[in-house]
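My entries follow the order in which I looked things up.

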Amino acid sequence: MERWIVFGVCCCCWLAASAQALESVFGAYNLELEFPSPQERQRVLREGLYDPGSVIPIDVDVYYKHGDATPSIFVTIPRFAKGVPYSLAYVTNEMRPNGTLLQAYPSYEWHKSHGADCNGLTSVYRTQIDECGRMWILDSGEIDFIQHCPPQLYAIDLESGKVVHQYKMPKRLYKEGVSRFVTPTVELDPHNCDVGFVYMADSIGDGIVVYDVAAQQSWRIENKFTYPHPDFGTFTIAGESFQLWDGTVSTTLTPHDLGGRRMMYFHSLSSEWQMAIPLDVVNNGSNWRLNDVSAALDQFQLLGKRGSQCVAAAMSESGFLICGLVQPASILAWNIRTGYSHQNLVMLVEDEQRLQFASGLKIVRNHEGKEELWVLSNRLQKAFGAGLDYKEINFRIQKCGVQELLSGRPCN
């Protein structure tokens, strides 16, 4: 690994890798959406179910099929408002004037009821594709803070397209009209593809729901550490500011092969705190039965403070926690074997132009079995402010090999 150099940023310092850029995969002025027919497109436009200005992608997920060098790329488009015709899509090979065409996934039928049919998808913020080829889809069930359906979790086998698991969350675990479930994290047995637990981050309801897949039981974790912090509710990106008051947005797990006691790492979106808690404590449902905000409070560890907000995060197999830092717009990494301090936080890439609000971030294995980092950025500050400028590229998907990033080598 190259020797790091100290890099000063405002009042805080991180270690910085050599300057490099992520490899561009996808860019769009505005998302181009496919419809079953021109008549359907006109209908949803006429009825206010499609407003191109409301179509803001949040997450990216990637699947390499049977060693294919060209992966399938999926994006989520949450229904912040009702003008989003579908909430989960894949990137096609067809080019349109604004960018590459997107197609609804699993099909348009899953989305077209806009919450009227709870057997479909209502609003999806993020997904996780596990190493056994199943996409875990966390559906918040709400549109514009109206709870149309209970939050639910689907698992779809990407080879067959069949639903292999479905779980509807009981009312005791979410706050109707408040909760917004945004990120699933899957705990997978690397030897037999069994999923032990799924952890679901409730960013507006400020908690984490833990789902024991085999036992079909779940419980909620909520306390002061899962809440937002009042000093970090303002987000400033490229000189523009907006307000978000979001709690827990991301959970990641210690890799299986590192040894020692496994941990869950998590953070709130509107916070600088990096938190951790032993995974065996999280997975013991008896600790959380009463939904007590003081339950197991002594098990939570404040590891350190970043000085800025992080959005999405992912864990490499070697134990590097990587996240999309808000200010400066960058990709930040931390070796979990070290203390969480500015001396140990590595700024892998800084790019104020192409990393404006990195809301989607995944580490996946490519066709050669090597880890890749994929990042989606969306200029959310403009979407929530004066509006997007459709003469500029607003949405980007970029990637880089994890080892290339960590060693400061070029991505391509």
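Entry 1. I note at the outset that the model I consulted is a predicted one. I also recall the general rule that strands of a sheet pair through backbone hydrogen bonds, in either a parallel or an antiparallel way.

Entry 2. I asked in what order the strands E15, E16, E17 and E18 form their sheet. I found an open sheet of four strands, ordered E15-E16-E17-E18, with antiparallel pairing. Strand E15 (181–188) and strand E18 (217–221) lie at the edges; each has a single partner strand, so one side of each has no neighbour in the sheet. From one strand to the next, the twist of this sheet averages 20 degrees.

Entry 3. E15 and strand E16 (residues 195–202) run antiparallel and are joined by seven bridges. Within this pair, I located Phe 181 opposite Asp 202 in E16.

Entry 4. I turned to another sheet, which is open and has four strands in the order E3-E31-E30-E29. Its pairing is antiparallel. Here the edge strands are E3 (23–28) and E29 (358–365), and each pairs on one side only. I recorded an average twist of 15 degrees from one strand to the next.

Entry 5. How many bridges link strand E30 with strand E31? I counted six bridges between E30 (residues 371–377) and E31 (residues 395–401), which pair in the antiparallel sense. I also noted that Ser 377 stands opposite Arg 396 in E31.

Terms used. Residues are numbered from 1 along each chain as its sequence is written. This is a predicted model: local features need pLDDT of at least 70, side-chain atom pairs count only at pLDDT 80 or more; totals for chains, interfaces and linings use all residues. Side-chain values use heavy atoms; hydrogens and water are left out. Two strands pair if DSSP finds at least two bridges between them. Helices (H or I, at least four residues) and strands (E, at least two) are DSSP runs, numbered from the N terminus. Axes are lines fitted to C-alpha atoms, for helices over the stretch in contact, and angles run from 0 to 180 degrees between N-to-C directions.
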